[in-house]
Amino acid sequence: MERNGSPLIEFRSVSKHYYMGDNVVRACDEINMSIYKGEFVAIVGQSGSGKSTCMNIIGCLDVPTFGEYFLGGVSVGTLRKNALAEIRNEMIGFIFQQYNLLAKSNLRENVEIPLMYAGVSKSERRRRATDVLTKVGLGDKLKNRPNQLSGGQQQRVSIARALVGSPSIILADEPTGALDSKTGLEVLSMLRELNEEGNTVVLITHDSSIAARAQRVIRLEDGRVSYDGPVSAAPGVGGDVRTEAGV
Amino acid sequence: MRFFESFELALKNILAGKMRAFLTMLGIIIGVMSVITIVGLGNGMENYMVDAFKSLGTDTLNIMITGRGSSRSVSEEKMYEIVEEHPEYFLKLSPTVSMGGASVKLGSETLESPSVTGVSEDYLEMKQYLLMPGGRGLYYVDVRERANVCVVGKYVNETYFDGEAVGETLKISGRMFTIIGVLDIIADSGETEEGGADDVIFIPYSTAARMSGIGVLNSYTVTLVSEDLATPAKEVMEDELYDVFGSDNAYRVQSMSELLGTMTQMLNILITVLALIAGISLLVGGIGIMNIMLVSVTERTREIGIRKALGAKERYIMSQFVIEAATTSVIGGALGILAGFGLSAVATQVIAAMTEESLTVSPSIASVFMAFGISAVIGILFGYLPAKKAAKLNPIDALRYE
């Protein structure tokens, strides 16, 4: 694992607290982690472990209550909404569990959206959307609507949409959650390919077997990091025989 | 993202739900349609009134002397003097003696309809009436000699004399009058009719005054240099008559153009009030748009979340919804304008069929532009609140929205 220069993603004691009446819910509790360019990291944890909150912060959809989050060396916590929107647009490529495609728009229009908000001209947008849809194997379905596609195909559209703006990070939130295991594996190998091409991929999942496809695992429990290291040594992941209880 | 793209997106969304979009627009359509038709109706009524007054002469003053007791009066000579003293206002004067009760007989047949009026030799020229070839008008000598001659309107000529009236005679209140001339068509409609502007007989005012037993002439018509001078000319005439009578109860000076001005003003107020009432439906239409846009924001919460996650700034979301509301409203406005023209045409036909008057309901270009502008403004105003709501949505919550 290369770790040249400064990390792409860096959490410094990041906490996210939610206040519900008198109770404080610590969704993230002083998390420290660094992710470097070119890594394929799986953030894994049970529901309630804080992995969704973590993803929201990495994706600049949310800001930490305490601590600092550096994305490409820039502290994000102090930025305003418009600046966050710009960062999401330029640096993050989202892949969601539910695909989150616009039902009324065709595939090409769906993939064009990030470029539209980036102010790319219409003809350039078309060209790039067509290219990237071809790359994911849907070059013949540019004018189809999402609901005419299978789940796996829809997820490939959403991968194309995440890629089209050449973001610094591909952020995939349970990308296989809505797919059968075979299609899920296809999607995972696609993510792997993307990583091999040099993209930084952050995968959020509750499923250890899926996390096993990454290079590195960060396991969260109750808002804290309980493991951070290579897949091979991760408890309860992949071919490792040790159970979580045995850690 | 440029404006045109937002507009394209808005059009696409509107076209995706045509029925819903149409129902949303309906309030605006009806509002614009009523405003346009009502303003058109006002224009039509004004034109109709102006025409009616024009035929009475908007460049003339009518003076009625009621006198003060029986002793004070104004002489014919004094009236001519007043007119000559103010050439900057007045052109010509003619006494008019209306013979309301006169019976007109042709042989033993009684003609009921023609109106008989005593006028001076200048009157026909003042009114710009033209004579048919082969006859003459009234001369000064006819007035001086109280001659029993008359000029008849075209209707009288054609109906009772087969167009050969000159040289024939008819009896007015028992006196035999020789017809010396026939007027060419006067009526604005271009058609003669019984009791209309062409069903008239003019005789010398001196003859008429003697026949009616009037000692002193009490009615005059004065033509003005210009119709714009009606108001100052009326004041001058009133001042002069006040000097004669020392009271303003002894006479009445009527200016057709002033009367027309007053009536037009009243009509305009009425139309403005009606248009404002119709405008309320525009407001209701705007609220309808706001309502649907609010529903639409809720329905599209997830879409908004996706767009925000993919990098849409608040102002893009905002402009998308405002432009969609404005586009809906403007399309409604355009349809309303078309409907307004349609309704105006129908109203013209209905009025013609019901009243036999030709009143054209003519929507003005200004009202069209205003209706269009107002509907755009309404769309933007009432689109603002839902758009603000959409723009402020938290992307995390919006993405999770089912």
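Begin by selecting strand S3 (residues 40-44) and strand S8 (residues 200-205) of chain A, which pair in the parallel sense over five bridges; strands here are DSSP runs (E, at least two residues), numbered from the N terminus, as are helices (H or I, at least four), and two strands pair if DSSP finds at least two bridges between them. This is a predicted model, in which local features need pLDDT of at least 70 and side-chain atom pairs count only at pLDDT 80 or more, while totals for chains, interfaces and linings use all residues. Residues are numbered from 1 along each chain as its sequence is written, and chains are lettered from A, and ligands numbered from 1, in the order in which they are written.

Within this pair, select Val41(A), which stands opposite Val202(A) in S8(A).

Now turn to the interface, where 17 residues of chain B are in contact with 19 residues of chain A, contact meaning that the C-beta atoms of two residues, placed from the backbone, lie within 7 Å. On the side of chain B that touches chain A, two or more residues each come from helix H1 (3-16), helix H10 (301-309), helix H11 (314-355) and helix H13 (395-400) of chain B, and H10(B) gives the largest share, five residues.

Finally, colour chain A by pLDDT, the predictor's confidence in each residue, from 0 to 100: the average is 89, and 94% of the residues score at least 70.
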